[in-house]
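The following note is intended for a colleague who is meeting this structure for the first time. Its points are numbered so that each may be checked separately.

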Amino acid sequence: MKSEITKVTSHINPNEALIFERSQPGRIGYRLPPLDVDEQVLETLIPKAFLRDDDLEGVPEVSEVDIIRHFVRMSTWNYSIDQGMYPLGSCTMKYNSRLNEKVARIPGFAGLHPLTDAEDAQGALEVIYELQQHLAEITGLPGISLQPAAGAHGEMTGVMIIRAFIDARDGEAGSAKRRTMLIPDSAHGTNPASAHLSGFSVKTIRSTSEGLTDLDHLRELCSHGEVAGLMLTNPNTLGLFEKNIQEICRIVHDAGGLVYMDGANMNALVGVARPGDMGVDVIHLNLHKTFSTPHGGGGPGCGPCCCTRELEPFLPVPRIVLNRVESAGSTAASTGTRHPAPDTQHPRLRLDFNQPQSIGRVKAFFGNYGMMLRALAYIQTHGNDGLREATEAAVLNARYIAHGLTSDYDKPYNNPPMHEVVFTDKRQTRKGVHTLDIAKRLIDYGFHPMTIYFPLIVQGAMLIEPTESVGRQELDQFIEAMCSIAREAVDDPELVLSAPHTTRIGRLDEAAAARKPVLRWKPKARADAA
Amino acid sequence: MANIPEDLHYSKDHEWVRVDGNIAVVGITDYAQDSLGDVVYVELPKAGEKFAANESFGSVESVKAVSEVFSPVSGEIAEVNDSLTDEPEKMNTDPYGDGWMIRVKMSAPGEVDSLLTAAEYEDFTKGDTE
């Protein structure tokens with residue numbers, strides 16, 4: 001079994017030094033031409049109080065080639081979506097098409113200054129407006145802000161809108177009584193965080209043995225009359241569609257609350273079902289998940305917030321809206337021409353700051369604009385049919401994996417999964433092999449690990465989301481790898497427990513890293529010299 | 001199998017209670033620490049804070065997850081185990097001893113009777129793993 005995996009050859013320098021440790025006094029990556037003005041004494045130009053006196057201690061002195069080789073070498077340690085399957089559940093790590101990147105680099109967009117007047121930036125605003133139209137159609141929710149820079153940011157924007165709506169509807173006294181946000185026990189951790197930050201206290205709704213929201217518990221919690229809303233992920237984090245979603249929305253609405261949907265799992269719904277039609281009031285999307293903009297490494301992301309007409313007045317400003325002249329029906333746009341000739345006298349779109357009920361701005365300028373270009377490219381290249389097919393393929397792929405792994409791994413819920421499927425380590429723990437070990441061993445087989453130990457309600461959870469980006473061949477490879485690990489867990493548990501074996505660094509001590517973190521590198525050479 | 005001392009009371013949230021007069025010493029069970037994995041950070045309340053039974057009094061962060069901990073009894077915090085801040089691993093190595101979390105001055109000592117006995121808790125954890 002061991003011989004099937006070949007160890008990687010040693011790197012030219014397996015112990016890559018930090019850029020600080022490569023520093024050599026006087027080494028530079030540039031050579032400036034002689035000054036063509038008279039040289040001045042620095043102190044005569046800048047007050048002494050503002051000048052550094054530490055001789056830039058700690059700033060590395062390196063040449064251009066030092067820097068290039070350092071970072072290129074480290075980049076080869078990375079694993080990315082361009083190398084292979086990245087089945088991180090609830091993260092939708094789909095392939096990001098090169099075309100999206102090309103569109104985002106069009107100089108007219110990439111070089112546009114964010115303070116350009118709206119009349120002179122009509123093309124750029126058109127991209128935002130058109131993307132909003134598409135997202136409105138996809139979600140069934142017409143009010144949209146593209147400002148939020150990430151999923152949790154969009155989520156908090158949504159919760160702030162609920163808060164503002166209730167404040168306006170119930171008045172100060174009435175609103176003060178509605179401070180409870182209901183959140184299922186399977187939710188993403190950001191949900192209670194957003195609720196707390198917006199002044200709500202959280203009550204947890206139980207999941208049924210089927211893995212769905214417990215309706216009786218929901219009714220009981222709603223009967224207390226303090227409910228501001230419900231935050232629900234659909235499909236939920238177990239990969240199961242909340243089939244009672246319409247009833248759930250009705251119960252919350254009857255109790256005077258609003259329904260927020262966490263759109264992290266929209267990759268199971270796009271082109272097939274719309275949250276607005278289910279009764280959802282406000283949702284966030286993740287362009288960096290569902291709409292194929294880059295994901296990982298900290299973004300930048302884009303977490304649009306979409307809501308009903310009723311909630312629209314509370315959206316962040318500025319809104320990008322059609323000019324009144326035009327909405328009266330006098331120019332090309334109303335006749336359906338998508339790209340009218342520029343008319344700076346009568347610009348088609350304008351920025352609307354006059355929204356007195358708005359929660360205000362949530363991000364500088366217009367949000368992460370480059371993500372909007374990429375998402376629009378994704379939507380337009382797919383078209384209506386393509387988006388639906390992508391959704392169907394994402395669900396089919398997850399079900400293929402669910403079927404392929406059932407004989408070797410414990411699957412805690414029987415309902416057919418949507419775009420992701422959860423397994424546990426229950427069968428492997430008998431030999432002392434746990435989810436973490438299985439995930440580490442998967443690296444040896446060339447796959448990025450799945451999401452582990454989430455959702456929290458599943459002990460030893462392994463949450464697998466293949467997305468639509470992989471074909472059957474790679475799905476089979478993944479299933480074979482997982483089944484092989486299951487056999488190893490029985491025949492040679494030590495091999496799994498000590499994985500990974502093919503990486504440049506072996507199993508890390510995560511507990512020590514968290515308990516005694518080394519957060520800062522200190523210059524050793526100088527300490528020695530001192 | 002998990003260690004479940006006979007002389008303690010247990011909650012369904014996997015906390016244990018040792019009664020010492022009107023003081024309840026509270027920690028998490030061996031079963032809980034084993035499920036959580038290596039504990040890396042503990043968030044504790046301050047002495048003098050009051051909690052109702054089943055109310056969250058802090059959280060435990062392990063390499064796997066952050067979990068809330070719930071007070072099995074009502075009362076006022078008399079003392080917290082500050083040493084867990086620097087040595088959270090005590091919760092793994094000695095959950096019923098040095099890994100204790102809080103001492104609560106009970107306002108309703110009778111609540112202890114509604115907690116699980118060692119035998120009941122053992123049955124409960126078996127059900128939990130089914």
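What share of the contacts in chain A with a separation of 6 or more is accounted for by residues 24 or more positions apart?

1. Chain A, overall. The share is 74% of the contacts in chain A with a separation of 6 or more, two residues being in contact if their C-beta atoms, placed from the backbone, lie within 7 Å. The model is a predicted one, in which local features need pLDDT of at least 70, side-chain atom pairs count only at pLDDT 80 or more, and totals for chains, interfaces and linings use all residues. Residues are numbered from 1 along each chain as its sequence is written, while chains are lettered from A and ligands numbered from 1 in the order in which they are written. Chain A contains 17 helices and twelve strands; helices (H or I, at least four residues) and strands (E, at least two) are DSSP runs, numbered from the N terminus. The C-alpha trace of chain A spans about 75 × 70 × 45 Å along its principal axes. Of the 530 residues in chain A, 40% are buried (a residue is buried if 20 or more other C-beta atoms lie within 10 Å of its own, exposed if 12 or fewer, and partly exposed in between, with C-beta atoms placed from the backbone).

2. Confidence. For the complex, the predictor gives an ipTM of 0.78 and a pTM of 0.87. Chain B has a mean pLDDT of 93, and 97% of its residues reach 70 or more; pLDDT is the predictor's confidence in each residue, from 0 to 100. Where pLDDT is low, the predicted coordinates should not be read in detail.

3. The interface. Seven residues of chain A are in contact with eight residues of chain B. The side of chain B that touches chain A has four nonpolar, one polar and three charged residues (Ala, Val, Leu, Ile, Met, Phe, Trp, Tyr, Cys and Pro count as nonpolar, Asp, Glu, Lys and Arg as charged, and the others, Gly among them, as polar).

4. A helix pair in chain A. Two packed helices are described by the angle between their axes and the distance between the axes. Helix 8 (residues 215–222) and helix 9 (residues 245–254) of chain A pack at an angle of about 10°, with their axes 10 Å apart. Helix 8 of chain A is therefore roughly parallel to helix 9 of chain A, a description given to angles under 35 degrees. Axes are lines fitted to C-alpha atoms, for helices over the stretch in contact, and angles run from 0 to 180 degrees between N-to-C directions. From helix 8 of chain A, Leu215(A), Leu218(A), Arg219(A) and Cys222(A) meet Glu247(A), Ile248(A), Ile251(A) and Val252(A) of helix 9 of chain A. By class, this contact has six nonpolar, no polar and two charged residues.

5. Backbone points in chain A. Asn234(A) and Pro235(A) are joined by a cis peptide bond, with omega about -5°; Pro235(A) is in the loop between strand 4 (227–233) and helix 9 of chain A. A cis peptide bond also joins Ala499(A) and Pro500(A), with omega about 5°. Pro500(A) belongs to the loop between helix 15 (493–497) and helix 16 (510–515) of chain A. Phe365(A), a residue other than glycine, has a positive phi near 50°. Is Phe365(A) buried or exposed? Phe365(A) counts as exposed because 12 C-beta neighbours lie inside 10 Å.

6. Strand 1 (9–10) of chain B pairs with strand 2 (residues 15–20) of chain B in the antiparallel sense over two bridges; strands pair if DSSP finds at least two bridges between them. His9(B) stands opposite Val17(B). In this hairpin, with four residues between the strands, His14(B) takes a positive phi near 70°. Strand 2 of chain B also pairs with strand 3 (residues 23–28) of chain B, antiparallel, over six bridges. Two residues lie between the strands of that hairpin, where Gly21(B) takes a positive phi near 70°.

7. A sheet in chain B. An open sheet of three strands has the order 4-6-7 (chain B) with antiparallel pairing. Its edge strands are strand 4 (39–43) and strand 7 (66–70) of chain B, each pairing on one side only. The twist averages 25° from one strand to the next. Four bridges join strand 4 of chain B to strand 6 (residues 56–62) of chain B, with Ser62(B) as the bridge partner of Val39(B).

Terms used. Parallel < 35°, antiparallel > 145°, perpendicular 65-115°, else oblique.
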